[in-house]
Amino acid sequence: MIEIKNLTKQYGVIKALDDVSFSVKKGEILGFLGPNGAGKSTTMNILTGYISPTSGHAIIDGYDIIENPKEAKKKIGYLPELPPLYLDMTIKEYLNFICDLKGVEQKKRKAQLDDIMYLVKIGDLRGRVIRNLSKGYKQRVGLAQALVGNPEVLILDEPTVGLDPKQIIEIRKLIGALRHEHTIILSTHILSEVNAVCSNVVIINKGKIAASGSVSDFTSAEGTVNKFMISIVGAKPAIQKVLENCPGVRNVSFVRIDKDACIFLVESTRNLDVRRPLFNELSRASLPILELRPVGRTLEEIFIDVVNKDAVVEQ
Ligand code: ADP
Ligand code: MG
């Protein structure tokens with residue numbers, strides 16, 4: 001549905017994006033994760049046709065945003081970092097104005113705006129002037145304008161930034177409700193947001209893609225339960241032998257000796273929790289387990305690694 005190919009963006013001497021490529025399938029919610037200044041807004045501004053790339057392509061449902069901007073833009077609803085709200089208008093006036101901009105037919109307007117206002121829960125406030133709304137409600141109006149014209153793709157730039165925790169939960173719920181009808185890219189610098197709403201994640205740092213994959217690959221129980229760090233008191237060869245012969249164990253590697261204990265990394269067959277057999281076999285051999293913990297990298301660890309790695313290179 002969305003194809004980003006080799007995007008590079010140079011602002012004078014600053015390379016904001018450096019050969020960025022990724023794609024989003026229909027129906028996915030992609031978390032576009034990265035620290036401030038990573039290049040998230042730049043990518044989204046290119047994808048929505050607000051700025052042009054120095055090189056590379058952004059293609060929406062087969063339409064290149066540069067070659068076919070009109071067709072491509074029709075497919076996109078965009079909530080920029082700062083929603084383009086006219087503070088002196090009422091919600092209704094503003095959304096009608098957006099209908100004008102997006103060319104929504106008069107006779108379809110009422111039903112469409114009613115649906116959108118119902119969905120984002122601003123129907124009762126339609127006569128209110130936007131200036132007087134709370135930040136959470138302003139953000140809902142921002143989301144509403146992105147939904148006008150019923151675009152298939154939603155590009156949401158840090159939709160929960162600056163909101164209080166209750167508002168954040170509400171906006172997340174709303175995004176969750178939109179997932180069935182739309183393909184969504186959501187940028188954020190908050191990890192828990194990705195875990196809460198996204199199916200896939202792309203991590204960007206300093207203009208480059210640092211990691212990508214499905215959220216479940218990064219965080220699933222399988223991914224973490226598969227490997228264990230185990231610390232056992234006893235002689236290394238005896239322990240190694242028991243571990244290697246333990247049912248379900250696929251691979252054993254020695255890590256180090258820590259006082260009178262040996263530490264090993266044990267990998268099990270996928271989807272098999274090897275902790276019970278490990279306990280049984282080791283206790284039968286009178287080898288006490290001091291510690292047994294699953295290892296696996298959470299999204300948070302990956303993110304921190306990615307960000308730190310670059311920081312170290314720079315020093
Ligand atoms: P993010 O949204 O991830 O915080 P941005 O895409 O806004 O990051 O910015 C990426 C980099 O590009 C930053 O170093 C930022 O300072 C720079 N940048 C963004 N917009 C401009 C601009 N209009 N002119 C010059 N530099 C810019
Ligand atoms: Mg930004």
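These legends describe close-up views of a predicted model. Local features need pLDDT of at least 70, side-chain atom pairs count only at pLDDT 80 or more, and totals for chains, interfaces and linings use all residues. Residues are numbered from 1 along each chain as its sequence is written, and side-chain values use heavy atoms, with hydrogens and water left out.

View 1. Strands (E, at least two residues) and helices (H or I, at least four) are DSSP runs, numbered from the N terminus. Two strands pair if DSSP finds at least two bridges between them.

**View 2. Strand 9 meets strand 10.** Strand 9 covers residues 200-205. Six bridges join the two strands, which run antiparallel. Val201 has Gly213 of strand 10 as its bridge partner.

**View 3. Glu158 and Lys40 form a salt bridge.** The N to O distance is 3.6 Å. A salt bridge is a side-chain nitrogen of Lys or Arg within 4 Å of a carboxyl oxygen of Asp or Glu. The pair links distant parts of the chain, 118 residues apart. Glu158 lies in the loop between strand 7 and helix 6 (165-178), Lys40 in helix 1 (residues 40-47). Both Glu158 and Lys40 are buried. Buried means under 20% relative accessible area, exposed over 50%, and partly exposed in between (1.4 Å probe, protein chains only).

**View 4. Glu105 pairs with Lys107 in a salt bridge.** Their closest N and O atoms are 3.7 Å apart. Glu105 has a relative accessible area of 41%, so this residue is partly exposed. Lys107, at 71%, counts as exposed.

**View 5. Arg250 forms a salt bridge with Glu267.** The closest N and O atoms are 3.1 Å apart. Arg250 is in strand 12 (residues 249-258), Glu267 in strand 13 (residues 261-268). Glu267 counts as buried because its relative accessibility is 18%.

Methods:
Chains are lettered from A and ligands numbered from 1 in the order in which they are written.
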